[in-house]
Structures are given as C-alpha cells and as structure tokens.
Amino acid sequence: MENILDSYRIDGYQNTNGLTITMANGEVSLICNICKKRFNTPRLLPCLHTFCHKCVEELKSINSNSVVCPLCQKEARLINGTTTFPINFVVNNLLNVKALKDTKREPFRYYCQECQEQLCRECVEQHRTHTTTLLDEAATQTKRSIIQALKKAQINSKPVVNSLLTVKSTMKDVDKSVTHVNNAIKKTFDRLIELLQLRARELFNEVDLIRTSKIKLLQRQQQQIETSLETTITGCTLAEHVLKEGSSVEILNLGPHIINRLEELAIQKYNKAILQPQEDSHIEFTNEDDLFQQSLNRFGRISNNAKTCPGASSIIECPALHYCPTGKRMALTLVTRDSVNTLRRTGGDKVQGTLRRLDSNNKRNDSTKESKAEITDNRDGTYTIVYSTWNSGPHLLNVTVNGAPIAGSPVKIKSITTRNFQAISEAKLSFCQRGDSWGQLQRPHDIICDHENTIIVADTGNDRVQIFQPDGQLLHSFGSSGSNLGQFNSPYCLTLDVDGNVIVSDTNNHRVQIFTRKGAFIKSIGNNGVEPGEFHHPHGIAVDKDGKIFVVDSGNYRIQVFSPDGEHLYHFGGKGDNPGQLGFPWGIVLDHSGNILITDYKNHRIQVFDRNGKYRYLFGSRGNDAGRLNNPTGITIAPGGQIMVADRSNHAVQ
C-alpha cells in the first residue's frame, strides 16, 4: 500500500517525536531516555515510546492509575500495574542479540506468546507450559498485525493530510488572488486616471472655445464702438489741441467751426445695439464634488467567500433601537461582518427577527404572542428590519443571522403610547400676557416641565425665571436684572439636573447658574472668556443620565461638558464649516443612546457627536426645501424617536 504520508513528508515535515528508536552511528539506540542507560525490561507505552520497566514504575504517581509519557505528555491508564504495558520485543530482541554477542550464547529460535520473549533452545524447557512458536513465525504474524494497523492509521489520517494539503494550496491561491486583484485595481484606476485626464483636456478645450467665442464677439463689438467714436475722438482731439497749443488768432479762426462740430457730436445718436455688452465674462466650472465623491465611494467592490459572522454583526445605533410608538412601523439597519470584522458587501444570509412583550417584572413570558419582524435583504451586506408593537411596555427583539444571535441580541425596546397630535385643535390652557409684573412675560425664550408637570419659563425680557402650576397659576419666580450671583442678563435656555434643580444659561452674563426649584441660588459656572470653563454667550443646555452638564458655548463655537459639581471635564467643536466644526451652535439634545445632537446655526445643519464628543455624522444643508435648514435653533426628540428642529429663518418646524 502506498504510504499516504509521503506527500506530507515531501513538503518538509518530518515527525521524529513519534519514533521510539533513533538512529545513531548506523545502529539502533538501546538507551532509555529517562535513565540514560541501556534498556532493562523495555516497556512499550500506548504512544509507542519505550522506557525501562523501573523508569515506568517511577513515572507512576502514588495511588495513581495512570502514567504520563515524558516525551509526548500522553496519558496512559494502568490496569495491572506497569505490566499493563507490553515488552517492546524489537528492543528486547536487540538487547538479547547484543547480550548473545557478548556471551557467545546460542541465538534465539523460539518465541513465548505469554511472556512475549525470545527463547533459545535451552530456555524453551523453562517455558514448557506456555505457548511457544518459531521465532520467524511469530515475527511474521506480528508483521501482519503491524501492516493491518498501519493501513488503518494511514486510511484514518488521509482526510487530515488532504485537508492540510488543501489549506496549504489555498494559502498559495490567496496570494495569487491578491496579486491578480491588485493588478486589476491598478489597471482599473490607471484607466480611470486616463479618463479623468481626458475629461480634463476636454474641459480645457471647451473653456478655450468659450473664450475664443467670447473674445471674438467682444472684439467685433469693440471695433463697432471704436468706429462710432472715431469722429467724436477726432473732433475732441482737435479741440483739445487748439485749446492747448493754438494762438489767439487760430482760436478765433477755428473756434466757430470746432464749436459747431462739438455741438453736433453732443447730440449725435449712437446705435444702442452696440452699446449694450453683447457678452459677459462669466465662465464657471461646476465640479459636482459631492456627487463624484459619493460615486467614487461606491465604485469598485472587493468580494470574497468569507462567511458572515453573526457575533460580529450588529444593528446601527438609532432611537428606534430603544423606543417605539405603539402601532407604528419602525425600521432598523443590520450591518453584517465576517469573522475578521470586515464589512460584508453581499447579501444572501438568513436573517430573522422576533419580537416578544415582557411581563410586568420585565421577564420573558413564553405565553405571550411572538411577532416576526419584516426583513429586507439590501444585497449590499445590510438588511432592513421593520417591526411594530401593539401594546405599550418593554419588549425583546431577538435578531439572528443564519440561526445564531447577532451582537447585542436580544435588544430591549420600550413601546410607548404617543400623543395623537392630529386630535389637537385648540389650546386647553393659555396664560400670561406681556408685561413686567408677576405672572407676566416679555420675550419668553424657553419652557420646560418637571415630573410633576410644573411649568418653568425663561422670562428672557424680564431677566427672570417664572414657575407656574399646571393650571397656569404663578407659584413663584426668581432672578432680576444684573450681574451679581442669582441675577440675570437675558436668560435663554433651561434644563433640569438629575436632582431636579433648575439650570439656566445666563447668556449675556456669559455663565450658567443653578437654582433649586424654589429659586434658591446654588452655584454659578464660568464667566466671560475663551479658556476651558469660560463662556461667550452660552445658549442650549442638557444633562445626561450621569448628571454631566452639556453647555452650548455659542460664541466660542464649542460644546463644554461639566461634572455635576460644575468641574470642567472636556470640550469639543471649534469654529469652521468642516464636519465636527461649528458655526455658532445653538440648541442641544441628547438621545436615548447618549448621542449629542447640535443645531449648527450658521452652517444650517444638525451635527451628531457621541457622548465623548467624537464627531459621528451630520444632516441638513442650507435651503428652503423639505429636509433643508436655514438657521436652525431649537431641537428636541419626540418619544417615538423623531428629531424635531425649529427652522428659524424658514419659519418652520421639521
């Protein structure tokens, strides 16, 4: 039978650890690897390593039923002590041959089956009660057993060897594929560069043609105008020359003629068609950079047969991942990745989503009805998951890919009953009027409610904060005009901290002040300046679940973050119109995941940062179409996750 391990050895791997007899000077070594002496009663372990009987005894731990081979660490169980392991007849035979050579004894001719020892004629008598055979016959039988065992071992190892060869071949093919793909990418983009350069030359030629056309037309108009002006220029030039160089006689003689001609020229009618510019200088290049960048980002795709790894796949963070209005369809986006965390670019996975309502103890109740989410394969490695709830309360959304849960699954979603805004037809309560008396307001800028539905109003024009009962009756107010602690100069925005205290942005005093709901002053944060912890016209304020205070430092084009005690922690932003930069930020709101949404007033957009101030994305641009903004100010998030923006200069809410 062909040895299937030969191909394995050809590749350079030689397994010597499994050899119990090593070659030395052309002879088989008869030295034990433990005692380093010639074998004495060699015992063969199941791992095919051989040691002296005494050495094997020493390997056996006290009260142990096994020994561990010191060469391969394979454990072998003992049944009848160390005699469980047979005598290595090959080594034993060589020892006897060596001993025979040394003593010139009669060679071995027989073999004792029970003792597994080679016998000479003299020794046969001592084993007369045992089964003995001729040595060659015993060796032949043992060879047959070895051959059978060898065949089985080779057959059993064949799939492993084939798998190893496949892996090594695949590794070589991967390198070939990489070289091929890299060459294809280079060739493609070299061609793109050629096409771009060709397009550039076409545009240059087009510009030259436009220039030639414009210049030709303007030159023709110039000639027409110059021709019309020629007589005027001649008459005016003569008049100027006479005035400058002429004598009195010349002036008197030529004067009447010159005056008559100039009067004619003064009332001469020119062709209006040639007076109006027949061409302008406008030549503009529209690069459509955004469109090109988007197309370029989608150009080319690297695909492979890597399988989707559910544990590396996840749903994009969004409000719908945590909250949903009862009865409304909510959409999530699942992004799949492979085992090395690379984004998948193709679809085809089996994605399933199930939604189950939790019981009153927020525990899973298998008796409640389970609903299935709608799954749409976008064929680009992403999947749209659409779900809806019909009862308010906590739910569990379980998402699996190919039968295994994705990262973060199951997701806990809170279903809430939202207000029907379409049913609102008239105000249920209206209170206050313009004025500076108690209960009157001037230019109120912000309003918030606490958990008791108490209404807190920033009475900006009166430099105070007023607090009303839910029915509109004034409870009390605090603050007055000034710059001392507890006084205000245009208080703009309000929020509540985790303890229910009122935080006020004292905008024109360039600080933030904190009060109890009774109006008792607690502390002031910041003053006018540009250093960390200082403000210049602060506006929006927000507080996260940990009590950190986020302040929109509008005049310094940044967001500053403070501890609940008012200690400056960090800030982010900076003046500019690049992503992450701000052009007079105004409003702020935190979503349920801790993301920070900022209205970027002068850049006409909304920017989103994570809770550490790292820029994530933006949306909106200047304009008056749907989805475009013009000086956005206030911002909030509805219970259903909708982002609502006060679009100031468009006089709208989006």
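I started with Cys 35, which counts as partly exposed at 27% relative accessibility (buried is under 20% relative accessible area, exposed over 50%, partly exposed in between; 1.4 Å probe, protein chains only). This is a predicted model, where local features need pLDDT of at least 70, side-chain atom pairs count only at pLDDT 80 or more, and totals for chains, interfaces and linings use all residues. Residues are numbered from 1 along each chain as its sequence is written, and side-chain values use heavy atoms, with hydrogens and water left out.

Next, the sulfurs. I looked for disulfides, meaning pairs of cysteine sulfur atoms within 2.5 Å, and the count came to zero. For Cys 35 the closest cysteine sulfur is in Cys 55, 3.8 Å away, so that is too far for a bond. I then checked Cys 123, which is buried at a relative accessible area of 17%. Its closest cysteine sulfur sits in Cys 120, 3.3 Å off, again too far for a bond.

Then the whole protein. I noted eight helices and 38 strands (DSSP runs, H or I of at least four residues for helices, E of at least two for strands, numbered from the N terminus). Of the 654 residues, 33% count as buried.

Four strands make an open sheet in the order E28-E29-E30-E31, with antiparallel pairing (two strands pair if DSSP finds at least two bridges between them). E28 (538-543) and E31 (568-573) are the edge strands, each pairing on one side only. E28 and E29 (residues 549-553) pair over four bridges, and I found Ile 541 opposite Val 551 in E29.
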